[in-house]
Amino acid sequence: MGNQAPILYDHLHSRKKTLMPAADLALVIGRIALAGKLIAGELARASIVGGLGFSGNSNVHGEEQKKLDDWTNEVFLKLFENCDPVCSLISEEMEIPKHYERNCHSRDHASYAVLVDPLDGSSNTDTNGSMGSIFSIRKRAPRHSSELKDLLGPGSQQVAAGYVLYGPATQLIYTSGTGVDMFTFDPLMAEFVLWKENLKMPPRGPYYSCNQGNLTKWNPGAQNLVRHLTSRKNKNTSYSMRYCGAFVADFHRCLIDGGIYFYPGEIGADGKSKGKLRLLYECAPLGMVAEQAGGRASNGKGRILEVVAKDIHDREPVYIGSATEVAMAEEFRAEG
Ligand code: AFP
């Protein structure tokens with residue numbers, strides 16, 4: 001079998017200087033990896049077991065939920081029931097977080113909260129497009145109550161973050177403050193195997209990803225950014241557009257090939273600009289991965305990892321990817 005790359009479990013246990021103690025990291029990311037395996041298996045067969053389509057329910061954002069939104073959310077709920085020391089689960093699909101009282105050690109040692117988008121890009125379920133599960137891990141404050149104030153702090157307080165990508169291959173990408181590592185699921189071994197360690201995002205890239213159909217809803221700065229990216233004045237303004245409807249997959253392309261994904265704020269009837277993507281379980285976790293890989297993540301005005309949330313389901317405009325393109329986006333945003 002030749003020299004076998006390490007599997008996730010061994011790699012996690014060997015980690016040093018991470019923001020989470022290696023044993024806790026292995027436990028919690030190990031559970032997320034298990035969720036990833038179960039979800040990948042269900043996505044592969046959903047069409048032949050009636051798993052596609054809408055469930056008839058709506059989530060806290062008023063969005064119609066897919067059956068797989070509910071199913072994947074249940075997977076995370078079940079898997080963290082007996083995962084001491086995780087005492088809180090926050091999910092895009094749940095208005096109220098789940099608190100696992102018995103896993104709560106607010107008096108003696110660390111407890112964690114896991115914040116997830118169980119199935120990012122679920123609009124792709126019925127068209128067999130790429131999707132993902134995005135996760136953020138935060139340490140709960142000592143003596144925290146069931147209130148969530150201690151989880152609304154800036155994304156720089158995350159102790160680990162990442163995602164599982166469901167594409168032709170299933171991959172798990174995470175960071176705990178010491179670089180970004182990537183694993184590929186090997187169906188023969190039923191294990192996530194290390195593929196790339198300490199991954200670096202290219203400082204600039206050839207792609208931009210946005211829902212350009214919303215252009216007229218955006219602030220002038222974002223509109224001018226698109227005009228610049230498509231101006232083809234020279235090789236630095238000759239970008240190709242890629243957009244697959246799943247933030248996690250469009251971000252992954254930036255991580256590997258470079259480029260930028262952005263979802264600007266949309267100007268509402270009240271004249272105010274409002275983002276679509278959720279800060280705590282979409283923007284902040286991918287922001288941590290981007291920065292740990294040498295990229296950047298901004299809300300157009302500054303680091304997304306410095307934004308403090310008012311509510312667990314807050315939304316934020318996001319510009320994320322290679323440092324060159326995100327800096328460019330901020331310049332255009334500063335103009336208006
Ligand atoms: P869902 O997870 O509800 O499909 O939302 C996907 C998402 O949050 C992000 O993954 C996509 O990039 C973006 O929204 C797609 O939004 P538009 O359909 O407005 O382009």
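Which helix does L38 lie in? L38 lies in helix α2, residues 22–45.

## Basis

This is a predicted model, where local features need pLDDT of at least 70, side-chain atom pairs count only at pLDDT 80 or more, and totals for chains, interfaces and linings use all residues. Residues are numbered from 1 along each chain as its sequence is written, and side-chain values use heavy atoms, leaving out hydrogens and water. Helices (H or I, at least four residues) and strands (E, at least two) are DSSP runs, numbered from the N terminus.

## Surface patch

L38 has 41% relative accessibility, so it counts as partly exposed. The classes are buried (under 20% relative accessible area), exposed (over 50%) and partly exposed in between, with a 1.4 Å probe and protein chains only. With L34 and W71, L38 forms a nonpolar surface patch of about 250 Å² accessible area together. Patch residues have over 30% relative accessible area and no salt bridge; nonpolar side chains are joined within 5 Å, like charges within 9 Å. A salt bridge puts a side-chain nitrogen of Lys or Arg within 4 Å of a carboxyl oxygen of Asp or Glu. Areas come from the Shrake-Rupley method with a 1.4 Å probe.

## The mixed sheet

Five strands form an open sheet with mixed pairing, in the order β12-β11-β13-β17-β16. The edge strands, β12 (240–241) and β16 (296–298), each pair on one side only. Pairing requires at least two DSSP bridges between two strands.

Strand β13 (residues 260–263) is covered on both faces. I260 and F262 are buried on one side, Y261 and Y263 on the other. In a regular strand the side chains alternate between the two faces of the sheet. Strand β11 (residues 207–209) pairs with β13 in the parallel sense over two bridges; Y208 stands opposite I260. β13 and β17 are antiparallel, with four bridges, and Y263 has V318 as its bridge partner. β17 (residues 318–321) also runs antiparallel to β16, joined by three bridges. There A297 partners I320. Helix α6 (residues 279–292) packs on the sheet and touches β16 and β17. Its direction makes about 30 degrees with that of β17. Axes are lines fitted to C-alpha atoms, for helices over the stretch in contact; angles run from 0 to 180 degrees between N-to-C directions.

H252 lies in helix α5 (residues 247–257). It is buried because its relative accessibility is 9%. Not counting residues up to four places away in sequence, H252 touches Y163, L165, Q171, I173 and M182. Contact means heavy atoms within 4.5 Å.

G167 sits in the loop between β7 (158–166) and β8 (170–175). G167 is partly exposed at 26%. G167 and A40 are 127 residues apart in sequence, yet 8.9 Å apart in space, C-alpha to C-alpha.
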